[in-house]
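Please look through the sequence and the structure shown here before reading the report. It takes up a single residue, then a sheet, and then some helices.

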Amino acid sequence: MSGAGAAAGGDGLRADRVSRRTDGRLVLDDVVLAPETGSTVGVLGPNGSGKSTLLRLLAGLLAPTAGVVTLDGSPLAGLPRRTVARRLAVVEQQVDTQVELTVLDVVRLGRVPHRRAWTPASADDDRAVRAALERTGLADRAGQRWHTLSGGERQRVQIARALAQEPRELLLDEPTNHLDIHHQLDLLTLVTGLPVTTVVALHDLNLAAMYCDRVVVLRAGRVVAGGTPAEILTERLIAEVYGVRADVRREGAGGRPHVRFLGTLG
């Protein structure tokens, strides 16, 4: 998925040969990403490979040094921030606040891009917030204080806030970090069941194999492989990219890979 090897994509969010330098260091190099509408794309790679930087470029939070990120064919940098916020929702690794907010307060923040300043919530705003709370199983937690929630519950609230934006594209940066296995599976089941195009940075190769339609593997800022999990998650690639010996088995009707790690190389 780098250069000419990228999968074809139509309208929606695209990164076209994007690079990013930070403090003179090349963090991303000539990356192409074109998710199919409605699909879930996993961005994989070791620490420092550029996963978070790529997501921040896709969100418009960083500008590429070279190349362009487009939304429906228009450069993201030239679009009004409110327009982008109505289309793209971002869920970062960890969010905290010192303000005393309830679950309902946080989810309502998702409607900010759809409202004019200082105007009261509309019927559409209330409907979107209620739907987001129900979709994430938080309707009975609306009045609960943010600070009393567990890590998994906070991530669920952030997803509800993103859903209240009514986005067409959802970007998640390591959403399963610091969650136990139950909450990891619960959260990714929720996310991949949403009617949106999702790009998610993940560390866990087995979670990527279970939940992603396609994966892109980064190493030192470059895409080294892209395709379905069954095509990409091989023993050879895991050894080359992660420096780890692994046993990869195909399981289930779809032949999804399951990775068992055997030890480090060298």
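## The surroundings of L265

Leaving aside its neighbours within four places in sequence, L265 is in contact with A239, G243, V244 and R245, where contact means heavy atoms within 4.5 Å. L265 lies in the segment that follows β12 (256-264); helices (H or I, at least four residues) and strands (E, at least two) are DSSP runs, numbered from the N terminus. With a relative accessible area of 40%, L265 is partly exposed, a class between buried, under 20%, and exposed, over 50% (1.4 Å probe, protein chains only). From C-alpha to C-alpha, L265 and A131 are 49 Å apart in space, and they are 134 residues apart in sequence.

This is a predicted model, in which local features need pLDDT of at least 70 and side-chain atom pairs count only at pLDDT 80 or more, while totals for chains, interfaces and linings use all residues. Residues are numbered from 1 along each chain as its sequence is written, and side-chain values use heavy atoms, with hydrogens and water left out.

Four strands form an open sheet with antiparallel pairing, in the order β2-β1-β4-β5; two strands pair if DSSP finds at least two bridges between them. The edge strands, each of which pairs on one side only, are β2 (25-33) and β5 (74-75). Strand β1 (residues 13-22) and strand β4 (residues 66-71) run antiparallel and are joined by five bridges, and S19 stands opposite A66 in β4.

Helix α1 (residues 51-59) packs on the sheet, where it touches β1, β2 and β4, and its direction makes about 60° with that of β2.

## Helix α5 and its two partners

Which helix comes within 8 Å of α5, axis to axis? This is helix α4 (residues 123-135), whose axis crosses that of α5 (residues 151-164) at roughly 145°; axes are lines fitted to C-alpha atoms, for helices over the stretch in contact, and angles run from 0 to 180 degrees between N-to-C directions. In this contact, A128, V129, A132 and R135 in α4 meet A160, L163 and A164 in α5.

The axes of α5 and helix α6 (residues 181-192) come within 10 Å and cross at roughly 10°, which makes α5 roughly parallel to α6, a term for angles under 35 degrees. The contact is made by G152, Q155, R156 and I159 of α5 and by H183, D186, L187, L190 and V191 of α6.

Terms used:
Angles under 35 degrees count as roughly parallel, over 145 as roughly antiparallel, 65 to 115 as roughly perpendicular and the rest as oblique.
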